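Here are some quick notes to go with the model. Have it open while you read.

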Amino acid sequence: MRSENIYLIGLMGAGKTTIGRQLAKTLKLPFYDSDKAIEEATGVNIPTIFEFEGEAGFRDREQKMIRHLTQMHGIVLATGGGAILREENRHLLKENGFVVYLKCSVGRILERTRKDTQRPLLRTDNPRARLESLYAEREPLYLACADFKVDTGVMQSRAVVNRILEHYRKLNSNSE
Ligand SMILES: Nc1ncnc2c1ncn2[C@@H]1O[C@H](COP(=O)(O)OP(=O)(O)O)[C@@H](O)[C@H]1O
Ligand SMILES: O=C(O)C1=C[C@@H](OP(=O)(O)O)[C@@H](O)[C@H](O)C1
Ligand SMILES: [Mg+2]
């Protein structure tokens, strides 16, 4: 792990984008979101990529983007919820940054994403069943990749940011 970068992982709706942005602002570091970077690079939104290239096409683009973003120094990065599915991504994240797993219950995620139209994997008749299956599949991968875990379902985003900062600062003061 290198502590100059902070990488956020976790399921859709756990708060990676929201908390990452606040964390970066507080630390005065540049903020990147892998989904947004892919949208900027392609000129189309994530649902359009899923529509034309399928999930596999999106994962290829995501892997290339993670390769690129993990070469940067001194950044806060919010990944997409499925970024940890590829072994290479897990390895790159683990090697190059302090990885924080934002953990959140399916019930809370459903509340937060109820009006969402930008997450193709939730475009289903039964988003609860979809999220439960994603949770079961991914939770071991999030845990395997993470240096630190915070439950974002029970705290305001500011409190989550403060928990991460507390741990991150302790880590950096120990390595001085
Ligand atoms: N700790 C939190 N408490 C309440 N709502 C939150 C919290 N974190 C995020 N949200 C809300 O949940 C939604 C999804 O958050 P987002 O940051 O896009 O998640 P992710 O990037 O992990 O998919 C947004 O509407 C955001 O405002
Ligand atoms: O969980 C996933 O597989 C995905 C999560 C999304 O990002 P967020 O986790 O920021 O919603 C986005 O990358 C894409 O829709 C796929
Ligand atoms: Mg996001």
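1. Ground rules. This is a predicted model, where local features need pLDDT of at least 70, side-chain atom pairs count only at pLDDT 80 or more, and totals for chains, interfaces and linings use all residues. Residues are numbered from 1 along each chain as its sequence is written, with chains lettered from A and ligands numbered from 1 in the order in which they are written.

2. Strand β4, residues 98-103, is largely enclosed by the rest of the structure, because six of its six residues are buried (20 or more other C-beta atoms within 10 Å of the residue's own, with C-beta atoms placed from the backbone). Strands here are DSSP runs of E, at least two residues, numbered from the N terminus.

3. Look at both faces of β4: F98, V100 and L102 point one way, V99, Y101 and K103 the other way, and all are buried.

4. What does β4 pair with? Strand β1 (residues 6-9) runs parallel to β4 and is joined to it by four bridges; strand β5 (residues 148-151) also pairs with β4 in the parallel sense, over four bridges. Pairing takes at least two DSSP bridges between the strands.

5. Now V76, in strand β3 (residues 76-78). V76 counts as buried because it has 26 C-beta neighbours inside 10 Å. Leaving aside neighbours within four places in sequence, its contacts (C-beta atoms, placed from the backbone, within 7 Å) are I6, G20, L23, A24, L27, L29 and F31.

Key
A residue is buried if 20 or more other C-beta atoms lie within 10 Å of its own, exposed if 12 or fewer, and partly exposed in between; C-beta atoms are placed from the backbone. Two residues are in contact if their C-beta atoms, placed from the backbone, lie within 7 Å.
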